[in-house]
Amino acid sequence: MTQHDRLLIIDFGSQVTQLIARRLRELNVYCEIHPFQNVTDAFLADFKPKAVIFSGGPSSVFADGAPMPPKTVFDLGVPILGICYGQQVMMHCLGGKVERGHGTAEFGRAYVTPNDNKLPLLKDWFEEAREQVWMSHGDHVSAIAPGFEVYGTSPNAPFAITADPVRNFYAVQFHPEVHHTPNGKKVYENFVRLAGFTGDWTMGAYRNDAIAKIREQVGDKKVICGLSGGVDSSVAAVLIHEAIGDQLTCVFVDHGLLRMNEAEEVVSMFRDNYNIPLIHADESDLFLGALEGMSDPEQKRKTIGKLFIDVFQKYANEIEGADFLAQGTLYPDVIESVSFSGGPSVTIKSHHNVGGLPEKMGLKLVEPLRELFKDEVRALGRELGLPASFIGRHPFPGPGLAIRCPGEITREKLEILRKADAVYIDQIRRHGLYDDIWQAFIAILPVRTVGVMGDGRTYDYACALRAVTSVDGMTADYYPFSHEFLGETATRIINEVQGINRVTYDITSKPPGTIEWE
């Protein structure tokens, strides 16, 4: 297996630390995020980073128990880049000074001008005499550490860019990872170049390494995989099948809450294209019977989650000798499971997954995607030859149409919703907008409205169109459809779907809303 050069991101609690990792992965550099409290001397000795980045964070170096890196990190002899709080903590540890805000805080857009643009970290910067950056700091560096020089300033940050090129230590007060710093990617390109990374983190290399790891972990045992038809589980299943062939069995649980023709599409893709052993468990009557008349969204989610576990276990028990459960866990899931503070977070809504199954069934986990971001999973899917229609699919929630049907669930409403959703997605595809949108769907509302069709009165359901743009689903904004598109789509839905006589468009961003309605 290939031993990739590794970059360590020490997380001090910034809300955008994941963006640093994404920028580096885009440069074919393998990196991992670890909270500062986990980065010990022993960890560093084992990890052997080729370079280190200190993230930003909300803390002050003056606070009791302020986050700090281990002192030995500065003795590794590798390049280090400090960002925002990362700059302040670097100066604090190396003999500089940090002061509290006192009128020098900066939040938002700022402009940095150069003192000396010959620093390798700033290659291709300052071609327009100044660079727009994004600042978000209260405290500020008031004196740089010995060996450092100033290479860029902003009105409220006289040490916006500092460096000690001899030791390959670099520090910036702004956030180059956010899109509000338009030329920020160049900083990361230059940093990994001067650190000697060769860009060997490719999906072709990952595919080969993952296959070798799966074979080593599984041996001659059997693996079961809960297949949803989404990108993550589909890519995981195809990758594992390439590694161990018929030792893998997929279980596709059809809970009756899928979109139009979805079950047939998923089953035919896997049976026709990959010949992967697949159990198609049609349990729609069980799920819909349990959900009939149910209106509370949390009750819906928990009912579906419990039934899914029961059904999955029933079919998994039929597979003799299964020792492993495959899951499509992604790297953001891993990061979020090791929180920066270790404290509890508010539950906005329960998530439908197979949590608890490995322990309950005595299974060991196979998680071949746990080092990847979503865009890397799609790239791996292309590497594995999955159809483009599957790789580019919009996310679809585990509880399916149940949470797009606010209020009571009935078979009639689900059928209306399926037909309307199919028309909506067809419209988006016809207009060439599908790949520009993160997620699009329809919610059927728990109200009926009066309408007129021909010379007759109607009293049918209203529906809400939803379409959002996003990078990772954590935040989202509504897609700016033209009025012509919305009018055309509303006309088609009302004409082609019996049971709907009113169409609205949801223009709520996330936050304050969520992407799904429940």
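Threonine 162 is buried, with a relative accessible area of 1%. Buried here means under 20% relative accessible area, exposed over 50%, and partly exposed in between (1.4 Å probe, protein chains only). The model is predicted: local features need pLDDT of at least 70, side-chain atom pairs count only at pLDDT 80 or more, and totals for chains, interfaces and linings use all residues. Residues are numbered from 1 along each chain as its sequence is written, and side-chain values use heavy atoms, with hydrogens and water left out.

Threonine 162 belongs to strand β10, which covers residues 157–164. Strands (E, at least two residues) and helices (H or I, at least four) are DSSP runs, numbered from the N terminus. Leaving aside residues up to four places away in sequence, Threonine 162 touches Gln87, Met91, Ile144, Phe148, Glu149, Val150, Tyr151, Tyr170 and Ala171. A contact requires heavy atoms within 4.5 Å.

The chain as a whole holds 15 helices and 20 strands. Its radius of gyration is 26 Å, close to the 24 Å that the globule rule gives for 518 residues, so the chain is as compact as a globular protein of that length. The radius is taken over C-alpha atoms, and the rule is 2.2 Å times the number of residues to the power 0.38. The C-alpha trace spans about 80 × 60 × 40 Å along its principal axes.

Of the 518 residues in the chain, 55% are buried. Among contacts with a separation of 6 or more, 77% join residues 24 or more positions apart.
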